[in-house]
Amino acid sequence: MQKDQGSEPRVGSPAAGAVHSLSQRHETLATVESLTGGLLAASIVEIAGVSGIYRGGLVVYATELKATLAGVPTGLLDERGPVDPEVAAALAEGGRQRCGADWGIATTGVAGPEPQDGKPVGLVYVAVAGPNGSEVRELDLDGGRDHIRSAAVAEALRLLTERIHADDATRDSAGAGHR
């Protein structure tokens, strides 16, 4: 008899892949969310065994909390606003530092239904900060609020997995010369 796994996370899900990779590396993760309001953390903690890698996260929906809790420079927020690639990178790095994690992952953007501060609905930035720097990805997402938020989570986790694999490749090539 097959068990219905409709509510279980798929083994091939972006969250499962990231958790598995970090677990194998004995590294930790923190999240900082604006746009996704906890959805990213929720998708990570539903994976079995996550307690070994997930340090915690921040939901910094209000702009001032991006500075006070996540450590984003106030000047950067004043100059660029909360929906910005540099702010996304600062959120990821701030979460990494504030939570004492090897990796930080962050989301910021406009889910709608209305544009925000001149930024269009669907403009999203996801960022990852790790041991070897950070990367930001700009997304131009279509659809309603729920779709934009869910797609941002999936893309953030994909970026994290890509960065982990790139870090593995760097480690492997550095190690190959020392054998």
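Me: Leaving aside neighbours within four places in sequence, what is G130 in contact with?
Reply: R96, D102 and W103, leaving aside neighbours within four places in sequence. Contact means heavy atoms within 4.5 Å.

Me: What kind of model is this, and how are residues numbered?
Reply: The model is predicted: local features need pLDDT of at least 70, side-chain atom pairs count only at pLDDT 80 or more, and totals for chains, interfaces and linings use all residues. Residues are numbered from 1 along each chain as its sequence is written, and side-chain values use heavy atoms, leaving out hydrogens and water.

Me: Back to G130. Buried or exposed?
Reply: G130 is buried, at 4% relative accessible area. Buried means under 20%, exposed over 50%, partly exposed in between (1.4 Å probe, protein chains only).

Me: Which strand holds G130?
Reply: β4, residues 123-130. Strands (E, at least two residues) and helices (H or I, at least four) are DSSP runs, numbered from the N terminus.

Me: Now α5. What caps the N-terminal end?
Reply: D84 does. One of its side-chain oxygens lies 2.8 Å from the backbone nitrogen of E86.

Me: Which residues of α5 are buried?
Reply: Among them are V87, L91, R96 and C99.

Me: What follows α5?
Reply: G100, with a positive phi near 65°.

Me: Switching to I44. Where is it, and what is in contact with it?
Reply: I44 sits in helix α2, residues 39-45. The C-alpha atoms of I44 and A15 are 5.4 Å apart.

Note on methods: Polar contact = N/O pair within 3.5 Å; in protein donor to acceptor, adjacent residues only side chain to side chain.
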